[in-house]
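Here is a walk through one structure, part by part. Have a look at the picture first, then read on.

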Amino acid sequence: MAPISPVAPIAEQGQAVDIRVAGVTKAFAGSAALHDIDLTVRPGELLALLGPSGSGKTTLLRIIAGLAQADRGQVFFGGLDATTFPVQKRQVGFVFQHYALFKHMSVADNIGYGLRVRERTNRPSKTEIRRRISELLDLVQLSGYENRFPAQLSGGQRQRVALARALAVEPRVLLLDEPFGALDAKVRKDLRAWLRDIHERTGKTTVFVTHDQDEALELADRVAVLNQGRLEQVGSPDEVQDHPATPFVMTFLGQAVRFSADIRDGRVLVNGKLVSVAAPRSTIGLASLYCRPWHLKPVQAGHGHHQGLITGVRRLGSMRRIEVTQADGTRLEIEAPLATNLRVGEEIGLDIQDGVIFREG
Amino acid sequence: MSDLSAALVLTDSPQQSVVTESKLIRRLAISIALVFLLLFLVLPLVVVFVEAFRRGLAGFLAAFQEADALAAIQLTLTVAAIAVPANLVFGLAASWAIAKFEFKGKSLLITLIDLPFSVSPVVSGLIYLLLFGAQGLFGPWLMAHGIKIAFALPGIVLATIFVTFPFVARQLIPLMQEQGTAEEEAALTLGASGWRTFLTVTLPNIKWGLLYGVLLCNARAMGEFGAVSVVSGHIRGLTNTIPLHVEILYNEYNFVAAFAVASLLASLALVTLALKSFLEWRHGADLAGGTHR
Amino acid sequence: MRPALSLRLKQSSVLPGFGVTLGYTLLYLGLLVLLPLGALVVKASGIGIAGIAATATEPRVAAALKTSFGISLLAAGVASLFGLLTAWVLSRYDFPGRKLIDAIVDLPFALPTAVAGIALAALYAPNGWVGSLLEPLGLKVAYTPLGIFIALVFIGLPFAVRTVQPLIAEIEGELEEASATLGASRWRTLWSILLPPLLPGVLTGFALAFARAVGEYGSVIFIAGNLPYVSEIAPLLIVIKLSEYDYTGATVIATIMLAISFSVLLLINLLQAWSRRRFGHV
């Protein structure tokens, strides 16, 4: 791709570019620091930056947008080093967590703002701007709302106006900060499907920040998991769920129980009993075995790898969740079919059927 | 029997709410407050206008046909026309720096901006005399170069700027802090320049608070007495502002003229209060964060 | 490349104009506020502690300071008391003209002090509307310390009302209902539930009214009579010293007043910090 000068107008319409973050480091006074982040977002991809609060995910997004500056490292758009570009020249579409709609402007004026503030030489004509606004209102299904003010819209509608406003400038990439964070559960669900749809239609390279693993796994092509300013893993939803790279990813993406395991000759032992889990050849000695609730099968007391007392039976959708308290007082949960005959107060054994091995430490 | 006594207690005060006082107490409290306010606030205001028109409309108008009165009005307008915009620009700059950025010593800066409010008006005048008066720090140098600050327009303007210094800034700082930076950031990502962002995004959001601050600043600038009295030198027709002119008329026992000219300032105060109340009523939410005072 | 400090400052925001606006703010503040106040400090330190003490203990100066501080304390106290009542009445009760009264509370802020001064003098003079009513009772207001008191209550009232009013508005109705359900009488609820959270506001209002009253000039001098040793206030004495070209005397009185008002300012800040910690609001 040809280099774009900082003042160049919108380049290569419609062609998605990749985003490359190289060695980005930011030491903050408080939390949300970043340590040497390398990340590539593929052209046209929908990538989720997933992590708990304070993990640095929003900081990374703001550095990509040019809203914050890294202490070290670079940001590339389609091979072009944008690190020194001021935010105005980065041509990013940024959707803020609380939308940041201009309260004193109508919906149409909000959407058209980015076009109106362009220098005269590449500012579209008034009729062109109007055409573009109505096109975008169509896209976000808000036709007829152009004269409303932000205060007269629901949360979901504001979110859509914010997205239309970001898309109006035909950005190189689309960046969304907790796009559904401020919405209630029902609206979130609807907007997820809708965002996926918009992404497919515009084909923009899109990064969104979220702390909700369901949202990330359901929506994104790939998920980048951040923890304490470090990138733990980047991969497809299947990869991060089935092959978590670190214990953090394992526990953050769902319920998990940790067991101490002993590894000898590629065989995994828990409490001296063999577990049928593949262990890396190189791992020897003490290790951690992390299991999901469905990796543990209830068996007769005295059998299995672990023993415990049933202290709770709850229904969860089409399954039962069984709460088991171990001898040392720690609790864990396993799954059982609805028609299970397990009852509170029973002693049971637990058979480990699957899990993920991590080296100790 | 016990049922009956319970019923009696209930009927004793059937509509007594638990969250307010009895009717009698309420009426008493309202009456005391009203009499107090009447005595202390309403009567002084009324007396100004009554005294101003004691000799009818002709007597009232005569006060404004004097050359000294006109000169005083002109001087006051001139002073306000310099001092208010100066503090307006300062208020915008200070609130932008303080509200939109993080830096060390911010709360100290805010305290320093508030400082002139806790300085006596007379002292506010005095400190400029200590700088620019004949015995002041820069006095001899100024005299040698033929520059007059004390007992002249520049001194009056400086003293007025000092006493009205915090008005705009203290109105805008909390307002802009509350609004945060997200809208400005959004404008920047959409390609707007910094100046454009300020004009099209920040300014519309603070315009009512700004107007409010300017109103209060202006009322004080036009009405300032103590500070201006010290630096003006009371030169009739030259360095007398409206309040100083009122003082002179009053001390000469020219009461009708004194109150006539004073009624001009009282009217300004009333208009200010009315606009202020209107702004609070109409745009209360956009003034939020601002405090009274 | 760039110095570390500017880098740190720059990082906190991408918004432009920080350097320019902060620079201008500091310059403007420095030239117009700090430099002149510095001139006072320079002058005062030239006089020295002994010199300040000598002037401050001159009978006329001491009397003026005593008059100013004494009557200011009293006036601020009365203004706080009536301010609390007024704020309560304006916030809690509905009566015709409430909005108008609420607006007029700010009058002492907006009305030029000289105008207030001549109006109060005219009202409370022996032949004035109020003065003529009090005269037969043997009560002389104008041209006595009582006149100073009246003017200072006038000046302090809005501070007292406006610092308490928002706190009254913040009281949750549930508190009172809770108190009532627990069996407390209305007076008991007022005294032990509603009043304590208002206290920081009342104290702040008192301090503000006091600070303002000590420095007040315009509204006082017309009604005070300005008799040395009796009804002469400290700010007036500064003006008199200046007219006698006694800059030293004026500076000493000003320094003492400034020291007091800054102490009060500090007190207010501490009070509000305490209130924030204790009650979660200012």
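Two residues are in contact when they have heavy atoms within 4.5 Å.

## Ground rules

This is a predicted model, where local features need pLDDT of at least 70 and side-chain atom pairs count only at pLDDT 80 or more, while totals for chains, interfaces and linings use all residues. Residues are numbered from 1 along each chain as its sequence is written, chains are lettered from A and ligands numbered from 1 in the order in which they are written, and side-chain values use heavy atoms, with hydrogens and water left out.

## Two domains in chain A

Chain A splits into domain 1 (19-248) and domain 2 (255-359); the bounds come from an automatic or database domain assignment. Their C-alpha centres sit 40 Å apart. How many residues of domain 1 of chain A are in contact with domain 2 of chain A? There are 5, and they meet 4 residues of domain 2 of chain A.

Between them, the two domains of chain A bury about 340 Å², 70% of it on carbon and sulfur atoms. Buried area here is the accessible area (1.4 Å probe) that two parts lose on being put together, summed over both. On the domain 1 side, A:Gln241, A:Pro244 and A:Pro247 supply 83% of the area buried against domain 2, more than any other three residues.

## The four-stranded sheet of chain A

Next come the strands. Helices (H or I, at least four residues) and strands (E, at least two) are DSSP runs, numbered from the N terminus, and two strands pair if DSSP finds at least two bridges between them. In chain A, 4 strands make an open sheet in the order S2-S1-S4-S5, with antiparallel pairing. Its edge strands are S2 (34-41) and S5 (80-81) of chain A, each pairing on one side only.

Inside this sheet, 5 bridges tie S1 (residues 19-26) of chain A to S4 (residues 72-77) of chain A, and the two run antiparallel. One of the pairs puts A:Thr25 with its bridge partner A:Arg72 in S4(A). Helix H1 (residues 57-65) of chain A packs on the sheet and touches S1, S2 and S4 of chain A; its direction makes about 120° with that of S1(A). For such angles, axes are lines fitted to C-alpha atoms, for helices over the stretch in contact, and the angles run from 0 to 180 degrees between N-to-C directions.

## A hairpin and a second sheet

Strands S9 (residues 222-227) and S10 (residues 230-235) of chain A are antiparallel and joined by 5 bridges. A:Val223 has A:Gly235 as its bridge partner in S10(A). S9(A) and S10(A) form a hairpin with 2 residues between them, and A:Gln228 in the turn has a positive phi of about 50°.

Chain A also has an open sheet of 5 strands, in the order S15-S19-S16-S17-S18 and with antiparallel pairing. S15 (296-299) and S18 (331-337) of chain A stand at the edges with a single partner strand each, so one side of each has no neighbour in the sheet. From one strand to the next, the twist averages 50°. S15(A) is joined by 4 bridges to S19 (residues 347-352) of chain A, running antiparallel, and A:Lys297 stands opposite A:Asp351 in S19(A).

## Helices in chain C

Chain C has 13 helices and 0 strands. Its C-alpha atoms fill a box of roughly 80 × 65 × 35 Å along the principal axes. Helix H2 (residues 18-56) and helix H13 (residues 247-279) of chain C pack at about 95°, with axes 8 Å apart. H2(C) and H13(C) are therefore roughly perpendicular (angles under 35 degrees count as roughly parallel, over 145 as roughly antiparallel, 65 to 115 as roughly perpendicular and the rest as oblique).

## Where chains B and C meet

Helix H13 (residues 242-251) of chain B and helix H6 (residues 113-124) of chain C have axes that come within 9 Å and cross at roughly 25°. H13(B) and H6(C) are therefore roughly parallel to each other. The contact is made by B:Pro243, B:Val246 and B:Tyr250 of H13(B), with C:Ala114, C:Ile118, C:Ala121 and C:Ala122 of H6(C).
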